[in-house]
Amino acid sequence: VSTVVMDKTGTLTKGIFKVTEINVSDSEWSKDELLKYTAYAESFSNHPIAQSIVSEYENSIAKTDESIVKDFEEISGFGIKVNINNHQFLAGNSKLMNLGNITFDKKENLGTVIYIAFDGQYIGNILISDEIKADSPKAIKGMKANGIKEIVMLTGDNNAIGKNIAEKLGIDKVFAELLPNEKVEKLEEIYKTKSEKGKVAFVGDGINDAPVLARADVGIAMGAMGSDAAIEAADVVIMTDEPSKIVTAIKSSKKTMKIAMQNIALAFGVKAIALILSALGIADMWMAVFADTGVTILAVLNSFRALKIENN
């Protein structure tokens with residue numbers, strides 16, 4: 001692998017979101033009402049951002065009443081569209097607002113902004129923040145130290161968030177505000193620029209990452225928080241959700257290949273010598289036994305070295 005392409009949320013960041021701001025743009029709405037209706041709309045979604053809004057409402061105000069939510073529709077890469085008490089409610093990113101032809105004030109905060117519209121009118125936004133995994137800086141540094149030439153981050157979040165995370169971690173390139181199909185398109189672009197022998201790995205965790213995981217030469221999924229679709233599409237599953245395990249996998253594979261080549265060279269070398277000696281009439285039965293069974297034992301003993309991999 002020469003290029004590693006990584007998702008952001010749940011891969012490089014914890015994927016544990018927290019509501020940090022509630023901003024109301026319509027005087028007829030209070031912050032509690034805005035949070036309430038957004039929580040109702042998000043109550044049917046399994047997305048970490050949706051769950052963080054529901055948790056904030058239930059922990060601070062009351063339990064959500066899912067019975068008043070009708071016609072729930074989760075638009076992949078955009079957000080949520082529902083009917084609450086016969087009113088259309090939209091909650092999602094800026095692309096969802098543009099899709100609904102809704103005029104709104106775009107924010108460039110260092111967090112995920114959920115824009116909310118009620119009956120076609122923009123009424124406010126909720127700011128959600130995520131944290132970088134403590135393990136991520138070590139993972140990026142370790143990959144570069146072990147021969148990875150380029151690390152790229154693909155995210156559906158806005159440019160400000162993407163660039164901020166990339167700068168903190170030392171990631172080479174970042175592409176933000178991407179829909180699931182656009183992630184695949186970016187991966188195809190990366191394939192065109194890679195070297196002939198270079199391979200591309202993609203690391204992700206969500207259901208939106210499944211197509212990219214399947215397309216990459218090596219798909220790596222986060223197993224603890226990752227979706228079933230992502231895990232099914234991946235070649236490698238990291239059960240601890242620690243991106244530094246990618247470095248362990250690289251070291252393990254390099255050492256395994258090195259040992260395998262040593263064993264092949266040993267086997268061919270000893271057998272070639274035995275063949276030459278036997279052709280000259282010098283080799284005896286014990287030479288033949290060593291060339292067969294002896295080499296097998298040596299190869300097995302050498303293979304035990306693969307059990308010990310250096311720590312990151």
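Reply: Axes are lines fitted to C-alpha atoms, for helices over the stretch in contact, and angles run from 0 to 180 degrees between N-to-C directions. This is a predicted model, where local features need pLDDT of at least 70, side-chain atom pairs count only at pLDDT 80 or more, and totals for chains, interfaces and linings use all residues. Residues are numbered from 1 along each chain as its sequence is written, and side-chain values use heavy atoms, with hydrogens and water left out.

Me: At what angle do α1 and α2 pack, and is that oblique or roughly parallel?
Reply: Helix α1 covers residues 31-42 and helix α2 residues 48-60, with their axes 8 Å apart and an angle of about 130 degrees between them. Angles under 35 degrees count as roughly parallel, over 145 as roughly antiparallel, 65 to 115 as roughly perpendicular and the rest as oblique. That makes α1, relative to α2, oblique.

Me: Which class do seven residues of the contact of α1 with α2 belong to?
Reply: Contact means heavy atoms within 4.5 Å. On the α1 side it involves L35, K36, T38, A39, Y40 and E42, and on the α2 side A50, Q51, I53, V54, E56, Y57 and S60. For the classes, Ala, Val, Leu, Ile, Met, Phe, Trp, Tyr, Cys and Pro count as nonpolar, Asp, Glu, Lys and Arg as charged, and the others, Gly among them, as polar. Three residues here are polar and three charged, while seven are nonpolar.

Me: Which strands does α2 lie across?
Reply: There's an open sheet of six strands with antiparallel pairing, in the order β2-β7-β6-β5-β4-β3; two strands pair if DSSP finds at least two bridges between them. Its edge strands, each pairing on one side only, are β2 (18-24) and β3 (69-75). Helix α2 runs at about 75 degrees to β2, and the strands it lies across are β2, β6 (112-118) and β7 (121-129).

Me: What are the edge strands of the open sheet with parallel pairing?
Reply: That sheet has six strands in the order β9-β8-β1-β10-β11-β12. From one strand to the next, the twist averages 20 degrees. The strands that pair on one side only are β9 (173-175) and β12 (236-238).

Me: How many of the residues of β8 are buried?
Reply: Buried means under 20% relative accessible area, exposed over 50%, partly exposed in between (1.4 Å probe, protein chains only). In a regular strand the side chains alternate between the two faces of the sheet. In β8, E150, V152 and L154 lie on one side and I151 and M153 on the other, all of them buried. So β8 is largely enclosed by the rest of the structure, and the count is five of the five.

Me: Is N101 buried or exposed?
Reply: N101 sits in the loop between α3 (94-99) and β6. Its phi is near 55 degrees, a positive value in a residue other than glycine. With a relative accessible area of 70%, N101 is exposed.

Me: What relative accessible area does E177 have?
Reply: E177 is in the loop between β9 and α6, and its phi is also positive, near 55 degrees. E177 counts as partly exposed, at 22%.

Me: Is α9 roughly parallel or roughly antiparallel to α10?
Reply: The axes of α9 (residues 245-279) and α10 (residues 285-303) come within 10 Å and cross at roughly 170 degrees. Residues that meet there include I259 and L266 in α9 and F290 and V295 in α10. The contact has 12 nonpolar, four polar and two charged residues. As for direction, α9 is to α10 roughly antiparallel.

Definitions and conventions. Helix = DSSP H or I, 4+ residues; strand = E, 2+ residues; numbered from the N terminus.
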